[in-house]
Amino acid sequence: MHFFTCCALLLVVVTLPTCFVQAGPIKDQCMAAAGITAQDVANRHETDDPGHSVKCFFRCFLENIGIIADNQIIPGAFDRVLGHIVTAEAVERMEATCNIIKSETTYDESCEFAWQISECYEGVRLSDVKKGRRTRNHRG
């Protein structure tokens, strides 16, 4: 279950396995661009505000995996990116809940927008993972 650990998407950066071959390099690239470490991402919930750099990491990451573009969620992106590992009900719930989040057009607002999206996507639960994916994810 390292996808969300690495991705935070959604993404629950600490709970699901990566389904993207490029997620690791994208995560690393975005951490370097934001000037943060994996520990900074892991510690994002230890305070009320994880800081601008962590939020901008999420902007970079979500843009590069195809979830957001031009300060908007790309229609159908959650399903396209995670639909093969989470249930249809989870996709519907995340799209209904998260797609209503809007952003202003400034760079600072785009980072805040990405942070809000990542927070919303963390609503994915282990029970949302499709059967057959859970057992493979539990292996050491």
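User: In this structure, how far apart are the sulfur atoms of the disulfide that Cys 30 and Cys 60 form?
Analyst: The model is predicted, and the distance is computed from its atoms. A search of the whole structure finds three disulfides, among them the pair of Cys 30 and Cys 60. The sulfur atoms of Cys 30 and Cys 60 lie apart by 2.1 Å.

User: Which helices hold Cys 30 and Cys 60?
Analyst: Cys 30 and Cys 60 form a disulfide. This pair links distant parts of the chain, 30 residues apart. Cys 30 is in helix H2 (residues 23-34), and Cys 60 is in helix H4 (residues 52-64). The helices are therefore H2 and H4.

User: Is the disulfide of Cys 30 and Cys 60 left-handed or right-handed?
Analyst: The handedness follows from the torsion about the S-S bond, which is about -70° for Cys 30 and Cys 60. This disulfide is therefore left-handed.

User: Are Cys 30 and Cys 60 buried or exposed?
Analyst: A residue counts as buried under 20% relative accessible area. Cys 30 has 1% relative accessibility, and Cys 60 has a relative accessible area of 12%. Cys 30 therefore counts as buried, and Cys 60 is likewise buried.

User: At what angle do the axes of H2 and H4 cross?
Analyst: Two packed helices are described by the angle between their axes and the distance between the axes. The axes of H2 and H4 come within 9 Å, and the crossing is right-handed. The residues that meet include Cys 30 and Met 31 in H2, and Phe 57 and Cys 60 in H4. The axes of H2 and H4 cross at roughly 145°.

User: How many residues apart in sequence are the parts that Cys 56 and Cys 111 tie together?
Analyst: A disulfide joins Cys 56 to Cys 111, with an S to S distance of 1.9 Å. Cys 56 lies in helix H4 and Cys 111 in helix H7 (residues 107-121), so the parts tied together are separated in sequence by 55 residues.

User: Is the disulfide of Cys 56 and Cys 111 left-handed or right-handed?
Analyst: Cys 56 is buried, and so is Cys 111. The torsion about their S-S bond is about 100°, so the disulfide is right-handed.

User: Which helices hold Cys 98 and Cys 120?
Analyst: Cys 98 and Cys 120 form a disulfide with their sulfur atoms 1.9 Å apart. The pair ties together parts that are 22 residues apart in sequence, because Cys 98 and Cys 120 lie, respectively, in helices H6 and H7.

User: What is the pairing of the bonded cysteines when they are numbered in sequence order?
Analyst: The disulfides are those of Cys 30 with Cys 60, Cys 56 with Cys 111, and Cys 98 with Cys 120. Numbered in sequence order, the bonded cysteines of the chain have the pairing 1-3, 2-5, 4-6.

User: Why do the buried residues of H6 line one face of the helix?
Analyst: The buried residues of helix H6 (residues 88-98) are Ala 90, Val 91, Met 94 and Cys 98. Seen down the axis of H6, these buried residues line one face because they fall within an arc of 100°.

User: Which exposed residues does the face of H6 turned away from its buried side carry?
Analyst: An α-helix has 3.6 residues a turn, so residues three or four places apart point the same way. The face of H6 turned away from the buried side carries the exposed residues Glu 89, Glu 92 and Ala 96.

User: Is the pair of Phe 57 and Phe 58 stacked or edge-to-face?
Analyst: The structure holds four aromatic pairs. The ring centres of Phe 57 and Phe 58 are 5.0 Å apart and the planes stand at 75°. Planes over 60 degrees apart count as edge-to-face. The pair of Phe 57 and Phe 58 is therefore edge-to-face.

User: Which residues form one aromatic cluster?
Analyst: Both Phe 57 and Phe 58 are buried. These two residues belong to one aromatic cluster, whose members are Phe 57, Phe 58, Phe 61 and Trp 115.

User: Is Asp 70 buried or exposed?
Analyst: Asp 70 is placed in the loop between strand S2 (68-69) and strand S3 (72-73). Although not a glycine, Asp 70 has a positive phi of about 50°. With 73% relative accessibility, Asp 70 counts as exposed.

User: Is Asn 71 buried or exposed?
Analyst: Asn 71 is also found in the loop between S2 and S3, and has a positive phi of about 60° although it is not a glycine. At 16% relative accessibility, Asn 71 counts as buried.

Terms used. Residues are numbered from 1 along each chain as its sequence is written. This is a predicted model: local features need pLDDT of at least 70, side-chain atom pairs count only at pLDDT 80 or more; totals for chains, interfaces and linings use all residues. Side-chain values use heavy atoms; hydrogens and water are left out. Buried means under 20% relative accessible area, exposed over 50%, partly exposed in between (1.4 Å probe, protein chains only). Helices (H or I, at least four residues) and strands (E, at least two) are DSSP runs, numbered from the N terminus. The arc is that of the directions from the helix axis to the C-beta atoms. A disulfide is a pair of cysteine sulfur atoms within 2.5 Å. Rings of Phe, Tyr and Trp (its six-membered ring) pair if their centres lie within 6.5 Å; planes under 30 degrees apart count as stacked, over 60 as edge-to-face and the rest as tilted. Axes are lines fitted to C-alpha atoms, for helices over the stretch in contact, and angles run from 0 to 180 degrees between N-to-C directions. A crossing is left-handed if the near helix is turned anticlockwise from the far one by less than a right angle, and right-handed if clockwise. Contact means heavy atoms within 4.5 Å.
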